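Subject: Structure handover

Hello,

Here is the structure I promised to pass on. Please open it first, then read my notes below.

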Amino acid sequence: MTAEERTIKRDRMRFIKNSLAANLALLGILFDVLYFVKIYQSDVGTYYYTILIGASIVYNLIFLLAVFLASEGVKNYKSGYTWLLAAIGLGQIVRIFIIPMGAHTATTLVNGENVSVMSAGTFTYVVVLLAASAVCLLASAAVNFIRCRELAEHMKTLPPPSTGT
């Protein structure tokens, strides 16, 4: 790519949306929703009837709102949302070790017999969903960081706007 083509590509950034970063954030939401549905459709005894599940539901609501807001922000090259997406992406990794790991290693009494709360297949599925969500959010943050920096550097090279007088 020549220097002129690179300059044109950077200049176009002033007028087009950062759709890659926004779409990655929305994909992260999709993976979280699939995780949310899988966990909350489980009904194995009374294992899930705890304050931890209540906190998880509240966290999911905040997650959905925050990531959607961030997806709109990164669409317009707002660099502050980079750090929000990165923090929430890391939070998705931490979540693997809370409910899925605990449920996978736990047993509960159902009809007089001990049963596993979460099967190996379900555990693998929800871990993959949380990991995919984390990857999407971290990738969205990285794309936004790079593109915001690139656009800011390009804006420094432009002459100041004329007043038209």
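The surface comes first. The chain exposes about 9800 Å², and carbon and sulfur atoms supply 67% of that area. Keep in mind that this is a predicted model.

Next, the overall form. The C-alpha atoms fill a box of roughly 85 × 35 × 20 Å along the principal axes. The radius of gyration is 21 Å, whereas a compact globule of 165 residues would have one near 15 Å. Buried residues make up 35% of the 165 residues. Now take the contacts with a separation of 6 or more: 78% of them join residues 24 or more positions apart.

Now the elements. The chain has six helices and two strands. From the N terminus, their order is α-α-α-α-α-β-β-α.

Look at the two strands. β1 covers residues 107-110 and β2 covers residues 113-116. They run antiparallel, and four bridges join them.

Then go back to the surface. L27, L30, L34 and Y125 form a nonpolar patch there. Together they have about 320 Å² of accessible area. Helix α2, residues 19-41, gives the largest share of the patch, with three residues. L34 is in this helix.

Best wishes

Note on methods: Residues are numbered from 1 along each chain as its sequence is written. This is a predicted model: local features need pLDDT of at least 70, side-chain atom pairs count only at pLDDT 80 or more; totals for chains, interfaces and linings use all residues. Side-chain values use heavy atoms; hydrogens and water are left out. Two strands pair if DSSP finds at least two bridges between them. Patches are made of residues with over 30% relative accessible area and no salt bridge: like charges are joined within 9 Å, nonpolar side chains (Val, Leu, Ile, Met, Phe, Trp, Tyr) within 5 Å. Accessible areas come from the Shrake-Rupley method with a 1.4 Å probe; for residues, only the protein chains shown count as cover. A salt bridge is a side-chain nitrogen of Lys or Arg within 4 Å of a carboxyl oxygen of Asp or Glu. The radius of gyration is taken over C-alpha atoms; the globule rule is 2.2 Å times the number of residues to the power 0.38. Buried means under 20% relative accessible area, exposed over 50%, partly exposed in between (1.4 Å probe, protein chains only). Contact means heavy atoms within 4.5 Å.
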